[in-house]
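The structure goes in first, the notes after it.

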Amino acid sequence: MSEWYEAADEPELVEHGAVSGLAVSGRGAPGGAAYIESVGALYAVMGALGAPMVPLEGRWWVEDERPPLDVPRDEWRWHLFLRLPDETASIDRARAEVLVKVPAAARVQHATYTDGLCVQVMHHGAYSDEPASLARMDALMEAEGVAHFGLHHEIYLSDPSETDSAKMHTILRQPVR
């Protein structure tokens with residue numbers, strides 16, 4: 001599982017197979033009410049499973065003709081994800097266990113994602129600085145003759161509420177073909 005959480009400081013082509021975990025989908029700004037409620041629900045179910053805590057992941061998209069970063073953040077759509085070990089117990093039982101205290105847990109599902117061939121990079125710094133890393137990824141895609149094929153994927157290795165940009169590390173992944 002460790003290579004899933006590793007990336008080079010320069011964009012690279014990598015291949016990732018299927019991974020399984022807890023997921024919840026929604027719409028809204030990162031850090032907004034729906035997002036925060038969904039993150040809490042994911043971690044509540046994960047805790048009830050007794051599974052080891054892992055970094056939060058997000059797959060992002062917009063349903064708009066404009067470039068994603070031109071779309072207001074409250075219109076962004078996401079699948080939030082926590083990777084599970086292969087031998088995980090009953091997700092239905094864990095979800096039911098926390099439902100009384102965390103009603104949003106009703107939306108937590110078991111999901112499997114396959115990124116396949118990707119361009120990825122370790123982004124150091126604030127989320128608002130990601131466009132520079134994304135541009136470097138796009139340059140590698142052009143040089144390798146590959147194109148976007150799937151949802152933009154981020155893995156938050158530092159606490160998503162961290163405000164010190166020197167401590168922020170995010171794997172940026174873009175499936176390609």
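Entry 1, charge over rings. I started with Arg59, which lies over the face of Tyr113 at 3.9 Å from the ring centre. I note that the model is a predicted one. I then looked for a second ring under Arg59 and found Phe81: the charged end of Arg59 sits over that ring, 5.2 Å from its centre.

I looked up the bridge partner of Val19 in E4, and it is Tyr113. The strands concerned are E1 (residues 12–27) and E4, which pair in the antiparallel sense over eleven bridges. I also checked E1 against strand E3 (residues 77–83); these two pair in the antiparallel sense over seven bridges. Within that pairing I noted Leu22, whose bridge partner in E3 is Leu82.

I record a pair of aromatic rings by the distance of the centres and the angle of the planes. How many aromatic pairs does a search of the whole structure find? I get five. One of them is Tyr35 with Trp60, which is stacked, at 6.1 Å centre to centre and 25 degrees between the planes. Tyr35 belongs to helix H1 (residues 33–49) and Trp60 to strand E2 (residues 56–61), so this pair ties together parts that are 25 residues apart in sequence. For burial, I read a relative accessibility of 7% for Tyr35, so Tyr35 counts as buried. Trp60 is buried as well, its relative accessible area being 11%.

I next took Tyr127 and Tyr156, with ring centres 5.8 Å apart. Why is the pair edge-to-face? The planes stand at 85 degrees, and the cut-off for edge-to-face is over 60.

Is Tyr127 buried or partly exposed? I read a relative accessible area of 28%, so Tyr127 is partly exposed. Tyr156, with a relative accessible area of 5%, is buried.

Entry 6, cluster. I went back to the stacked pair of Tyr35 and Trp60 to see which other rings join them. Tyr35, Trp60, Trp76 and Trp78 form one aromatic cluster. I stop here.

Methods: Residues are numbered from 1 along each chain as its sequence is written. This is a predicted model: local features need pLDDT of at least 70, side-chain atom pairs count only at pLDDT 80 or more; totals for chains, interfaces and linings use all residues. Side-chain values use heavy atoms; hydrogens and water are left out. Rings of Phe, Tyr and Trp (its six-membered ring) pair if their centres lie within 6.5 Å; planes under 30 degrees apart count as stacked, over 60 as edge-to-face and the rest as tilted. Helices (H or I, at least four residues) and strands (E, at least two) are DSSP runs, numbered from the N terminus. Buried means under 20% relative accessible area, exposed over 50%, partly exposed in between (1.4 Å probe, protein chains only). A charge sits over a ring if NZ of Lys or CZ of Arg is within 6 Å of the ring centre and within 35 degrees of the ring normal. Two strands pair if DSSP finds at least two bridges between them.
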